[in-house]
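This briefing covers selected local features of one structure, grouped by topic. Please consult the sequence and the model shown below while reading.

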Amino acid sequence: MRAMQPQRQWAVLTVLSIILLLWEEAAAIEVPPDPKIQQDLKQPPTIVKQSAKEYIVDPRDNIIIECEAKGNPVPTFSWRRNGKFFNAEKDPRVSMRKRSGTLEISFRSGGKPEDYEGEYQCFAMNDFGIAISNKILLRVSKSPLWPKEVLEPLMVSEGSPLVLVCNPPPGLPPPTTFWMNSAMMPIIQDKRVSMGLNGDLYFSNVLASDANTDYSCNARFLFTHTIQQKNPFTLKVLTKEPYNNTLSSLNDTDPYVVRNIPETTPTFLSPSGTSSSKMALRGEELLLECIAAGVPTPGIKWFKKGGDLPEKKVKFESFNKTLRIVSVSEEDSGEYVCMASNKIGSIRHTVSVQIKAAPYWLQKPTNLVLAPNENGQLVCLASGNPKPSIQWLINGEPIESSLPNLSRKVVDDAIIFNSVQIGSSAVYQCNASNEHGYLLANAFVSVLDMAPRLLGPRNQLIKVIEQSRAMLDCPFFGSPVPEVRWFKNGLGIAPDNVKYRLHNNGTLEIKHARSEDHGTYTFVANNILGQAEEQIRLEVKEPTRIVRAPEHLSVNRGNTAHFDCKIKHDPTLPIIVTWLKNDKPLHFGWMSKFKKDENSLSIPNVNSDDEGTYMCMVKTELDQDFASARLTVLESSSKPSAFTDRPDPPEDLELSDPAARSVRLTWVPGNDNNSPVRQFLVQYEENRWRPGEWQNLSSYTGDQNSVNLLLSPFVNYQFRVIAINSVGPSRPSGPSSRYQTSGAPPDVIPQGLKGWGTKKTNMEITWQPLLDTQRNGPELRYVVSWRRKDSQEEWNNISTTSSKHVVSDTETYVPYEIKIHAVNDFGRGPESSMVIGYSGEDRPSAAPAELRVTKADSTKVNLHWVSVDPTSIHGEFKEYRLYYWREASLVKGLRINKEKKTKVFSSDVSQNTGVLTELIPYSKYKMYMVVANNKFEGPHSNIVEFQTKEGVPGVPKFFRIVQRNTDTIHLEWDKPLEPNGILIGYTLQYRTVNGTEVGSPQVVSFFPNVTEYTIRLPDRFTRYKFYLSARTQVGSGESYTEESPHFANEAYSKDHVDIATQGWFIGLMCAIALLVLILLIVGFIKRSRGGKYPVRDKKDLPMDPVDQKDQDGSFDYHDEDNKPLQGSQTSLEGNVKESDDSLVDYGEGGNGQFNEDGSFIGQYTVKKDKEETEGNESSEATSPVNAVYSLA
């Protein structure tokens, strides 16, 4: 039956097409956007904006039901609710926006949103018809609380299957569910433990490690942004063996064997039984699920009976337990088999999948504007499964209940209109429906009668340059479409596509305007309702040309330079002559040194600042011309000639043997100045295109002085010769007499011909202009021809003097055949070979479809997409361009860079697969694809999310060796910046190092939360090399290598702490600082005392640097030679006499005296009266107190 449906649809289409071909019809009228036309144009309403069919609103917000329409007159609006008229004006909470049908329901003054739930439909009407919206089912979002319940602890034997039922409260829309524990951490899911499509948590088999008190199901409600949490389950596991979490995590063997859990064959937890059925709608996702119990945990595989799984659309999720097929179609129907197997056995479950389809458009009816008595049709083609029924309505009511209309006939899925009349405008609705949904489309038929109207300015004057294209444009509109005719001076013009071309919009094109085309043209547009006329005057002007151009000048400083610029132009066109120097305009005035008249420029008293390139530019409103020449200012000099050792210039140049393209040049060589001439260089100057500029023509050996020169036609030559020896070139000779070659047709083909579009509606044809010496005659121009490739249509031609021509009004990226030849007044040159050019590119209109990912691993994924139709690229295919970015890391809390990256696939447009590499493992990515031509990108495809698998981790963030003391080494590290998965630990490998010899490796493994380790050294001189790597389930990552330093260099501390932060070093520095402070204090006291009391200088008694205390407590002072103090009195035996004074003599009661300098000396000398009575019998020995001060 499914195979019959497409055949029946095509049969209907065929019959309908035959009927339409037999029915005489006119193309629908395109109404221009001219404001005057739009203002007067009466049209039925058109719905331009409406709310969704399934419209769910947030109960916390006001309700807005949209309905916008356009038409002329402006439509009015009404609503139906649940099939009955809804009077919005009587409900104080409901208001309708001005000039709109949009309803706003406010609850500021009370009321419940639930009271306004129901089915709404909008009606937009004016005098010409009624348009209707879809039926909008308005419902209020609900997020009910979880029912209160007391959950008893679950007792399960280890190895048994278990299902924790979620059963979330029914919300609108339904909530998404997920499982978490009390710490708000997700329940880790794997091949053994996973959540089903219904939200339940399935355990294929329970292990002792599953025992927990906080398995909680959570429901997230999107509209209200709330999460409802179910009371947690408490799971207790009955075990045969005692459970040790630490030992079990360290044991790499089979946990079922270790735990003594009996093995069992697989059984299905969901779905039950051996078969089930599933129905999905076309374009939606198909989700199939198989969850199995068993020990060991069964693996799941999927098959499709009688064929392969649709590789481009299929995705395996939830550890292969879920099969997802995106955007299903009829070919995805069939029987799908899931097989659950472990080493004990296997079981199968068959799901019979049936794909149905809500109605979808094959051809949607569109608005139709017809003139009176014209024919037309509305076509409404839709498909679906089951096949939808088509119902036609007119102005919102079934067409069967409307008044009979002989000009209208319903034929299957179309309405045929014959000879429509004024007053039969209406809005027709096509409703295609089946049990899975409906489609509703409005399309109006507007019968428009309007006499021809002219939309452009009146009495135009168009001026063009001779031989250029003239476009006589006269925009118009009328219904029926008017017939267009053109007249010149009262005589009809017959477009022949040679001289005249009539465009579809009525524009008359004169391809090469000549003086005889000058005159008045009349445009006439007429239909059955009237006629409109407009006159356009065309004036063909002579081109503006510089007939005597400025020539290059070399003028001595202080003289006057004079540039000519004689102009020929149309006398009716005013001209503007501008002189520029080095591309900058010259300013003329009574203070300016530059003087100009009608045909020249004068520069008096020239100096070096006046050197440069002078340009004469002449402009009219239609065209322009320019020419330039260079001014060189010569410095007068009395210096000797610079060519004393170079050849003297040749002399006596003579021309002979004249021919059409050759002449003989003879000269007399000058003195070679003792260096033989090796070469003669012949130069020429012509006064037509580049006057005053000498150019190289040919060179000859030094033994020649008469040569035959090959010349170009139509050049007025003069020649000069330069002699060249080993020293350098001579000065140029004097110029020869002029020789004028005769003209000829061009004999060179313009090179570099190509065509490409600068806009989507044009093609720019360019070529390299001929050299001046290749012109061969006056009035050189280029004839460019083009036509669409393979069209066999007439060639389009244009004659131009420029090196570019732009072809306008082209279709997008269309190939053209192009050729060119040059023409002058003597005739036509050879034609180029044909080249292929292209009009401009536009934005691609299609996106690569069904972009998806297969075979994802940790760093790369395989990409598949449906390639675009080459015609949708609207240009040359350049590449498929993939934009992708890392959305998140699957490692919780890891910050990532979301920079968007690009990958291109540029083989050809049919490419539909590729490989995306250099991805970061264990990450969530997003991507989309566009197709690009040379200029634009097209719309992007569907955005695809995918995840990369777990990979080996990156290198640890850091790895440090911290030397605590001489018998241990402490190691510290941190987790990798890119874990690339869930870290399960670290591996440390180390070995002893002794020069080039290394010891056997030792390996230590750590848990992921361990980031330090201490190794005891056998002796202080042992050195190690360390290799640290992180591990995930996939394996170990790159190692971080460090080597412990030699004992003599060991100065490591945590984070390489400096020695200045060590306690012992700080204490040592404090002690040194204290000692220095004490020494400074003692030194200060010594300086202070010694400076104020210069007693010894007055007594001439210097102190011995060493004090020795006698047994009686006195001090002796000796110098290094054990000599007595200078100035002391000695006995006859040569010994110093012991001092008789004591501390009592220097007590406070003594009469202190001051020296002349103000210093107090009473404490350091014996009393005056004592000296006088004792005379010289006792020496002036110092007391012990004085001895102490002397040390200072």
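**Local features of the predicted model**

Pro296 lies in the loop between β23 (291-295) and β24 (299-304); strands (E, at least two residues) and helices (H or I, at least four) are DSSP runs numbered from the N terminus. This is a predicted model, in which local features need pLDDT of at least 70 and side-chain atom pairs count only at pLDDT 80 or more, while totals for chains, interfaces and linings use all residues. Residues are numbered from 1 along each chain as its sequence is written, and side-chain values use heavy atoms, with hydrogens and water left out.

**Backbone geometry**

- Most peptide bonds are trans, and most residues other than glycine have a negative phi.
- Val295 and Pro296 are joined by a cis peptide bond, with omega of about -5 degrees.
- A cis peptide bond also leads from Ser479 to Pro480, where omega is near 0 degrees. Pro480 is placed in the loop between β41 (476-479) and β42 (483-488).
- Asp790, although not a glycine, has a positive phi of about 60 degrees. Asp790 is found in the loop between β67 (781-788) and β68 (796-800).
- Glu850 is likewise not a glycine and has a positive phi of about 55 degrees. Glu850 lies in strand β73 (residues 849-854).

**Exposure of the positive-phi residues**

- Buried means under 20% relative accessible area, exposed over 50%, and partly exposed in between (1.4 Å probe, protein chains only).
- Asp790 is exposed because its relative accessible area is 61%.
- Glu850 has a relative accessible area of 37% and is therefore partly exposed.

**Polar contacts of Asn725**

- Asn725 lies in the loop between β63 (716-724) and β64 (739-740). With a relative accessible area of 4%, Asn725 is buried.
- A polar atom of the Asn725 side chain lies 3.1 Å from the backbone nitrogen of Gly728, and a polar atom of that side chain lies 3.5 Å from the backbone oxygen of Asp672.
- A polar contact is a pair of N or O atoms within 3.5 Å; within protein, one must be able to donate a hydrogen and the other to accept it, and residues adjacent in sequence count only if both atoms are side-chain atoms.

**Negative surface patch**

- Asp648, Glu651, Asp652 and Glu654 form a negative surface patch. Patch residues have over 30% relative accessible area and no salt bridge, and like charges are joined within 9 Å. A salt bridge is a side-chain nitrogen of Lys or Arg within 4 Å of a carboxyl oxygen of Asp or Glu.
- Glu654 is found in strand β58 (residues 651-656) and is exposed, with a relative accessible area of 53%.

Methods: Patches are made of residues with over 30% relative accessible area and no salt bridge: like charges are joined within 9 Å, nonpolar side chains (Val, Leu, Ile, Met, Phe, Trp, Tyr) within 5 Å. Accessible areas come from the Shrake-Rupley method with a 1.4 Å probe; for residues, only the protein chains shown count as cover. Lys and Arg count as positive and Asp and Glu as negative; His and the chain ends are not counted. The place of a charge is taken as NZ of Lys, CZ of Arg, CG of Asp or CD of Glu.
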